Structure formats: structure tokens, C-alpha cells
Amino acid sequence: MSDDRVTPVLETRGCTVSYDLTHEALHPVDLSFEQGGTTALIGPSGCGKSTFLRCLNLMNREIPRCRVGGDILYHGENVNSTDVDTFELRKSIGMVFQQPTPFRKSIRENVLFAPKRHGVTDKAVLDELLETSLRRAAIWDEVKDKLSRSALALSGGQQQRLCIARTLAMRPDVVLLDEPCSALDPISTFSVEETIRDMAADGICVVIVTHNMEQAARVSDRTAFFYMGQMVECGPTERLFASPADSRLEDYLTGRFG
Ligand SMILES: Nc1ncnc2c1ncn2[C@@H]1O[C@H](COP(=O)(O)OP(=O)(O)OP(=O)(O)O)[C@@H](O)[C@H]1O
Ligand SMILES: [Mg+2]
């Protein structure tokens, strides 16, 4: 059996987080993430979803006094050690936040910012990357005639898709999304969800935090439920929603809290 097991793209073993050096905001979490799989992280506000998501690309390091314990394995290598170059790691593990975060630059420069910083200079390569990334984020048709215009002139939904294109321009193999649709209208949400399904079909490993159970059901094949800093239950999304094992998950799904 073990010979057939594929090494997960990402895996956490005993991953913990504390923000104040004493109290644990996240109790040990063991989870693994496969290539081409989409995992939804759900649970009531304050349960630790974003805290856990930020562990996966070492984003908690940007928060003063925040400590992350345990192992975070990326292709089998523990990256939760001080000598890891986060700039390099985040090339492969991209992140999209709740509020769109476009740079005060043109649409083109937003998408090409990171590839240029990482040394891509060939104009043909950059042009191809620009179009492919915007197409994959389902926004090419809307912006192709105004690539030099400011990204800030786009609507919120367009800005979010631009941010996804910016992430895809680095050709990541993991994309982390923290409530990417919570500020979007239903049509933009539909586009983003379609992009998420396309990313997974392309083999990207997707992890998405969402408060929307229908969204979790539409985009994910697996769901993990967090509650008060613990990862309580994880399993195939359909099974989890149809027959939750833990009573706290059942209460959450039936709207008794959260
Ligand atoms: N930067 C921080 N400094 C101190 N405590 C924090 C910080 N970020 C989060 N926390 C605490 O960690 C716990 C988990 O917060 P987190 O933001 O991960 O929850 P969440 O599940 O993402 O909630 P929401 O659904 O509201 O986004 C909370 O008690 C929160 O107050
Ligand atoms: Mg959050």
C-alpha cells in the first residue's frame, strides 16, 4: 500500500500557532493536500481558518510575535525552518485574500510584477504569460483592450480576478484563497468559482476558506471543519455535509451557530 502513496504537495504535521507566545490559537493540525485537489476550510468566525491557511505559505511570519510550530512539508521538505526563502516559496504557493489587493499600477504591470521581479525579461514570454494568466482568471475579454489602464479603475469583482491572474502568472502549484468571493456579486463569484475548478483541473492544489457552504460544495472535493482552534473533522465534501460525524459540525451545518 505505502508504495502506491503519492507524496502530497503539502502536508502539515502537528502544526500549531500562537500569537502571543503563550496561548495556542491553533492546536496541532495534521492535514495533507494533493495535486489537483480542492480543499475547503470551514468553521465559525475566529476558529482559526485564516491562521491555518497562512501557515501553508509561511505568511504568519509577517505577523510580529506569531509562532508556528510543527512540520509544514512542501513536496516532502519541511519548510517551517528559518533558512527557507519565503520569497521563493511564495512563487509556488500563491495566495488570494478576501479584499482584492491590486497594486497601484496598470493591469499589465499587476500581472507581470512578480515574474519580472523573479527575472523574466523576454517580451514574448511576458506577453504570453500576461494573456494566459488573464484568460485563466476569466478576465481577458474584459481587459484586453485596456491593459495599460490602472487596475484600480476595475470593479471589485474584476480586481479579484486580476489578483488571481497575478497569482497564476507565477505558475504556482498551490493556490490559497481566503474567502475570495465574500466581497463579490453573484456573477463575479460564479467566474471565480469556475476559475478555481479550472485551476484544480490543471493540477493545481487549491485550498479555499469559505463561509458559504454552497460554495464549498460547488468547488471542493474535500472539506475540513475547524472549531475553536482545532481541526475537528475532514473528509470528502459530499460525505461531510450529508453525514457529519462530529456533533459540532452538524450544529454548524444546520445553522445552530456560526
Ligand atoms: N494577527 C493576530 N494577532 C493576534 N491574534 C490573532 C491574529 N489573527 C488572528 N488572531 C486570533 O486567532 C484566532 C483565529 O483567528 P482567524 O483569523 O484565524 O479565524 P478565522 O476562522 O479565519 O475567522 P473569520 O471567519 O472571522 O475570518 C482568533 O481568536 C483571532 O482573534
Ligand atoms: Mg479568516
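1. Ligand 1 is surrounded by Tyr-19, Ala-25, Gly-43, Ser-45, Gly-46, Cys-47, Gly-48, Lys-49, Ser-50, Thr-51 and Ile-63. Keep in mind that this is a predicted model.

2. Which helix gives the largest share of the shell around ligand 1? Helix α1, residues 49–55, does, with three residues. By class, the shell holds six polar residues, four nonpolar and one charged. Lys counts as charged, and Lys-49 is among the residues around the ligand.

3. Now to strand β8. This strand spans residues 205–209, and five of the five are buried, so β8 is largely enclosed by the rest of the structure.

4. The cover is on both faces of β8. Cys-205, Val-207 and Val-209 are buried on one side. Val-206 and Ile-208 are buried on the other. Side chains in a regular strand alternate between the two faces of the sheet.

5. Which strands pair with β8? Strand β3, residues 38–42, runs parallel to β8 and is joined to it by four bridges. Here Thr-39 has Val-207 of β8 as its bridge partner. Strand β7, residues 174–178, also pairs with β8 in the parallel sense, over five bridges.

6. What is the handedness of the unit made by β7, helix α7 and β8? The β-α-β unit is right-handed, and its helix, α7, covers residues 186–201.

Note on methods. Residues are numbered from 1 along each chain as its sequence is written. Chains are lettered from A and ligands numbered from 1 in the order in which they are written. This is a predicted model: local features need pLDDT of at least 70, side-chain atom pairs count only at pLDDT 80 or more; totals for chains, interfaces and linings use all residues. A residue is buried if 20 or more other C-beta atoms lie within 10 Å of its own, exposed if 12 or fewer, and partly exposed in between; C-beta atoms are placed from the backbone. Helices (H or I, at least four residues) and strands (E, at least two) are DSSP runs, numbered from the N terminus. Two strands pair if DSSP finds at least two bridges between them. A crossover is right-handed if, with the strands pointing away from the viewer, the path from the first strand over the helix to the second runs clockwise. A residue is near a molecule or strand if its C-beta atom, placed from the backbone, lies within 6 Å of it.
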